[in-house]
Amino acid sequence: MTEFAAVKAALKTQAVETPSWAYGNSGTRFKVFAQPGVPRTPWEKVDDAATVHEFTGAAPTVALHIPWDRTDDYAALAKHAEERGLRLGAINSNTFQDDDYRLGSVCHPDAAVRRKAVGHLLECVDIMDATGSRDLKLWFADGTNYPGQDDLRARQDRLAEALAQVYARLGDDQRMLLEYKFFEPAFYATDVPDWGTAYAHCLKLGPKAQVVVDTGHHAPGTNIEFIVATLLRENKLGAFDFNSRFYADDDLMVGAADPFQLFRIMYEVIRGGGFTPDVAFMLDQCHNIEAKIPAIIRSVMNVQEATAKALLVDGAALAEAQRSGDVLAANAVLMDAYNTDVRPLLAEVRAELGLDPDPVAAYRRSGYAERIAAERVGGTQAGWGA
């Protein structure tokens with residue numbers, strides 16, 4: 001098989017999960033900008049996700065967020081997704097939008113609040129059973145604002161206890177994916193602030209607990225590809241949340257701020273054997289001012305382009321340059337792959353899959369945006385926190 005044929009074959013297997021909340025209205029703490037045609041129900045979110053998959057061929061699952069996507073019949077929602085050519089993906093919990101969680105959720109000093117939070121997480125596992133989802137994705141806003149506000153060690157003990165309860169509830173084919181965030185909303189101490197904290201908890205829990213790397217959740221200058229390489233080496237990388245940021249919030253389209261970083265990350269994924277279904281490639285973005293579906297399509301394409309470039313790295317030439325200590329030659333191997341225009345290659349891949357070579361243009365010609373704007377009138381649009 002030629003080099004390009006092997007790359008094309010690999011790209012045809014790539015799957016990027018889109019987030020249901022990205023199809024709803026979103027914004028900053030200052031303003032949420034509503035758009036016409038935004039979904040009003042989880043069913044309409046699934047329809048939009050199916051449209052992204054229709055034009056990209058690379059987004060076969062959609063993640064749900066509970067309670068934002070709560071419904072009376074999850075099995076029926078899963079069936080609706082199947083009829084639209086999709087599957088329901090990760091179930092994301094929410095322990096940060098209730099008044100009881102002002103001082104935390106699973107780390108709260110009040111045992112009653114902790115029981116409530118754990119109850120919600122167990123409800124999410126019940127939903128996984130109904131939808132056939134493999135992954136429970138956990139992100140906690142827990143932390144403290146002031147020195148002395150709470151006992152930092154005690155909060156870690158409470159976190160470990162809660163995670164253990166949920167871990168014990170998982171089925172044989174289900175996983176717990178623990179996300180971390182450098183800061184926000186806590187100002188003094190965040191209870192899961194980095195990959196090391198997440199890794200330590202997952203290591204203690206067992207093989208069904210793995211770490212989520214969110215590309216926007218690090219201090220400036222952090223070498224994310226090193227984290228990826230290390231977690232892969234330890235068999236603890238479970239998923240990515242892809243997005244971009246410039247300084248704080250992380251809801252920009254993946255590859256928008258630093259496409260070279262995305263390439264470096266994908267190279268380490270491929271180098272470390274992580275380009276498999278065991279590592280979930282998810283988007284975690286909110287599209288505040290740009291049209292939502294085209295932005296998600298473009299994001300999927302950005303991941304594909306970074307992956308294609310990473311697959312083109314000449315591994316033998318790179319290894320030889322590294323063995324000989326030729327710094328410039330080694331860097332040049334990476335740069336040659338990164339500077340390759342892979343858009344024609346991806347256009348060929350899409351054509352061979354029976355797709356339009358230009359997904360964004362095909363979507364705009366489809367009339368879907370105009371149709372949903374006309375049909376989705378009345379009711380309450382989905383939005384951040386709803």
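Buried means under 20% relative accessible area, exposed means over 50%, and partly exposed is what lies in between, with a 1.4 Å probe and protein chains only. Phe-242 is buried, because its relative accessible area is 0%. Phe-240 also counts as buried, at 0% relative accessibility.

Before I go on, the ground rules. This is a predicted model, in which local features need pLDDT of at least 70 and side-chain atom pairs count only at pLDDT 80 or more, while totals for chains, interfaces and linings use all residues. Residues are numbered from 1 along each chain as its sequence is written, and side-chain values use heavy atoms, with hydrogens and water left out.

Let me stay with the aromatics. A pair of aromatic rings is described by the distance of the centres and the angle of the planes. Rings of Phe, Tyr and Trp, the last by its six-membered ring, pair if their centres lie within 6.5 Å; planes under 30 degrees apart are stacked, over 60 edge-to-face, and the rest tilted. On that basis the whole structure has 13 aromatic pairs. Phe-240, Phe-242, Phe-275 and Phe-281 form one aromatic cluster.

Next, the backbone. Most residues other than glycine have a negative phi, and most peptide bonds are trans. Where are the exceptions? I have a few to show. The peptide bond from Ile-66 to Pro-67 is cis, with omega near 15°. Pro-67 sits in the loop between β2 (61-65) and α3 (74-83). For these labels, helices are DSSP runs of H or I with at least four residues, strands are runs of E with at least two, and both are numbered from the N terminus.

The bond from Glu-184 to Pro-185 is cis as well, with omega near 5°. Pro-185 is in the loop between β6 (175-179) and β7 (189-190), and Glu-184 is found in the loop between β6 and β7. Glu-184 also has a positive phi of about 85°, although it is not a glycine. Is Glu-184 buried, exposed or partly exposed? With a relative accessible area of 33%, Glu-184 is partly exposed.

Asn-235 has a positive phi too, near 55°, and is a residue other than glycine. Its place is the loop between α7 (224-233) and β9 (237-242). Asn-235 counts as exposed, because its relative accessibility is 59%.

Now to helix packing. Two packed helices are described by the angle between their axes and the distance between the axes. Axes here are lines fitted to C-alpha atoms, for helices over the stretch in contact, and angles run from 0 to 180 degrees between N-to-C directions. The axes of helix α2 (residues 42-56) and helix α13 (residues 359-366) come within 9 Å and cross at roughly 125°. Angles under 35 degrees count as roughly parallel, over 145 as roughly antiparallel, 65 to 115 as roughly perpendicular, and the rest as oblique. α2 and α13 are therefore oblique to each other.

Which residues make the contact between α2 and α13? From α2 they are Thr-51, Phe-55 and Thr-56, and from α13 they are Pro-359, Ala-362, Tyr-363 and Ser-366. Contact means heavy atoms within 4.5 Å.

Last, helix α9. Glu-305 lies in α9, which covers residues 292-311. Glu-305 is buried, with a relative accessible area of 18%. Leaving aside neighbours within four places in sequence, Glu-305 is in contact with Arg-298, Val-342, Arg-343 and Leu-346.

Not counting residues up to four places away in sequence, Ala-310 touches Phe-263, Met-266, Tyr-267 and Ile-270.

Pro-294 is another residue of α9, buried with a relative accessible area of 15%. Pro-294 touches Val-360 and Tyr-363, again not counting residues up to four places away in sequence. Tyr-363 is one of the α13 residues in the contact with α2. As for separation, Pro-294 and Leu-203 are 91 residues apart in sequence and 39 Å apart in space, C-alpha to C-alpha.
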